[in-house]
Amino acid sequence: MTSSRTEHGFSYPREQFQQIVEDCLAMARELGASDASVEVSEGAGLSVSVRKGDLENVERNRDKSVGVSVYVGQRRGNASSSDFSPDALRQTVRAAFDIARFTAEDPAAGLPDAEDLATPAEAARDLALFFPWDIDAQRAAELAQRCEHAAMATDRRITNSEGAAVSAQQSHFWAGNSRGFRGGYATSRHYLSVSPIAGKGAGMQRDAWYSSMRDAAELAAPEAVGRYAAERALSRLKSRKIATCEVPVLFEAPLASGLLGAYVQATSGGSLYRKASFLLDSLGQRILPEHVDVDEDPHQPRGKGSAPFDDEGVRTSARKVVEAGVVQSYFLSSYSARKLGLRTTGHAGGSQNLALRSRLTRPSDDLEAMLRKLGRGLFVTELMGQGVNFVTGDYSRGAAGFWVEGGRIAFPVHEVTIAGNLKQMFQDLAAVGADVYTQGSKSTGSVLITRMKVAGS
């Protein structure tokens with residue numbers, strides 16, 4: 001990223017952020033801090049929404065922040081400010097220092113070890129994460145209106161809309177610490193979404209779809225998003241309840257990423273050292289079937305979870321998270337690694353571009369093929385509620401989708417609950433589809449679980 005303010009729509013050039021970092025680190029040293037880290041950031045964006053063709057909301061956001069962490073031995077203090085003036089920066093560093101002085105010692109506190117930090121070359125790796133979108137409110141509204149119009153025009157049974165929205169967001173930051181790390185970069189994230197309503201009265205059904213990319217040029221066409229959202233809503237008309245049963249369940253690919261997210265939560269350092277995970281001591285254990293792998297690639301160009309270094313400045317690297325069902329590594333920051341007596345994996349801030357794969361998946365295993373594998377059971381396309389206990393693994397979520405008979409969709413289903421235990425669900429993962437969908441930083445096809453409880457009428 002160049003330092004031009006107007007070219008990229010930022011108010012502050014990188015050089016100013018770099019100077020703020022150096023100034024704050026120097027202030028911390030002068031106060032007597034044994035270590036310190038600083039991050040300066042700025043975000044800007046435009047969000048526009050329409051409903052039934054009319055402009056509903058235009059919002060511009062611009063924010064900035066400087067965050068300072070100061071260490072006095074193994075005591076840590078944090079402070080932040082949105083004021084970049086010299087006096088405010090001094091007050092922020094002083095506040096962090098004072099907090100550290102009066103905080104209890106923590107044996108796990110401290111900056112990452114120097115050998116784990118990204119080198120200047122590693123920190124400067126260009127992952128193509130920044131694509132500013134030069135769009136104004138009028139153009140954004142037009143795109144949203146085209147999307148909603150396409151949804152409403154799909155079928156006369158599309159009777160209403162919860163609206164359509166377009167958002168263009170971008171940010172940049174620079175970070176550094178007293179152990180020599182320096183790095184920062186700019187990112188962008190743009191999206192288009194719509195939520196049509198089908199039917200009338202008690203039989204109304206709503207669904208939604210969206211497209212989200214770092215580069216606006218890669219967003220799906222507004223008309224395609226609108227039509228697909230409408231088709232999803234139409235497919236749910238005349239939904240019915242089903243009797244309580246125990247059957248196989250197929251998770252649609254966008255929802256299956258939630259199962260991968262549950263795995264990440266259970267094998268993250270914070271959950272593990274607090275002993276708040278159903279996958280305690282799972283390193284080296286077979287948690288998933290032998291045909292399942294989970295890979296991570298933080299250096300994927302344009303990836304939504306890509307990063308050359310984590311939130312602490314630790315280098316990131318591609319790795320096998322799960323190989324042949326066996327846990328190869330956890331998700332650890334420096335702090336959680338020390339609490340567990342392990343080494344950081346470069347995951348302060350979370351996972352980076354995970355992919356769930358099955359060695360049994362064939363290119364022909366599209367959604368129709370996965371429905372045939374399901375045979376008779378429930379195909380889930382929507383989940384509701386947060387009924388996941390990460391301590392025990394118990395899983396219970398409201399759901400909607402389709403009942404499948406003979407490998408074909410028979411009718412839409414609503415007002416059911418699916419339940420099981422994640423540890424057993426992972427063991428019962430029978431197949432992963434080739435219909436891969438990327439939800440945030442997680443990619444997977446549809447996922448078939450051999451048996452779950454479905455509570456209906």
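Start by selecting residues 245–251 and 447–455: these are strands β9 and β20, which pair in the antiparallel sense over six bridges. Strands here are DSSP E runs of at least two residues and helices are H or I runs of at least four, all numbered from the N terminus; two strands count as paired if DSSP finds at least two bridges between them. Before going further, note that this is a predicted model, where local features need pLDDT of at least 70, side-chain atom pairs count only at pLDDT 80 or more, and totals for chains, interfaces and linings use all residues. Numbering runs from 1 along each chain as its sequence is written, and side-chain values use heavy atoms, with hydrogens and water left out.

Zoom in on C245, and you'll find V454 of β20 standing opposite. Is β9 mostly covered or uncovered? Covered: five of its seven residues are buried, meaning under 20% relative accessible area with a 1.4 Å probe, protein chains only.

Next, pick out the open sheet of six strands, ordered β12-β11-β10-β13-β19-β18, with mixed pairing. Its edge strands are β12 (326–327) and β18 (437–439), each pairing on one side only. Further in, select 354–358 and 442–444: β13 and β19 pair in the parallel sense over two bridges. A355 stands opposite S443 in β19. Packed on this sheet is α7, touching β10 (292–296), β11 (319–323), β12, β13, β18 and β19, where contact means heavy atoms within 4.5 Å.

Stay with that helix and select 253–266. Its 14 residues reach 21 Å from first C-alpha to last, close to the 20 Å expected at 1.5 Å a residue (1.5 Å times one less than the number of residues). Eleven of the 14 are buried, so α7 is largely enclosed by the rest of the structure. Among the buried ones are L255, L259, L260, Y263 and V264.

Last stop: show S37, S69, Y71, R76 and E312. Of the 31 residues lining the largest pocket, these are the closest to its centre. A pocket is an open set of points on a 1 Å grid over the protein atoms alone where a 1.4 Å probe fits, with protein on both sides within 12 Å along at least five of seven lines; lining residues have an atom within 4 Å of a point.

How values were computed. Buried means under 20% relative accessible area, exposed over 50%, partly exposed in between (1.4 Å probe, protein chains only). Axes are lines fitted to C-alpha atoms, for helices over the stretch in contact, and angles run from 0 to 180 degrees between N-to-C directions.
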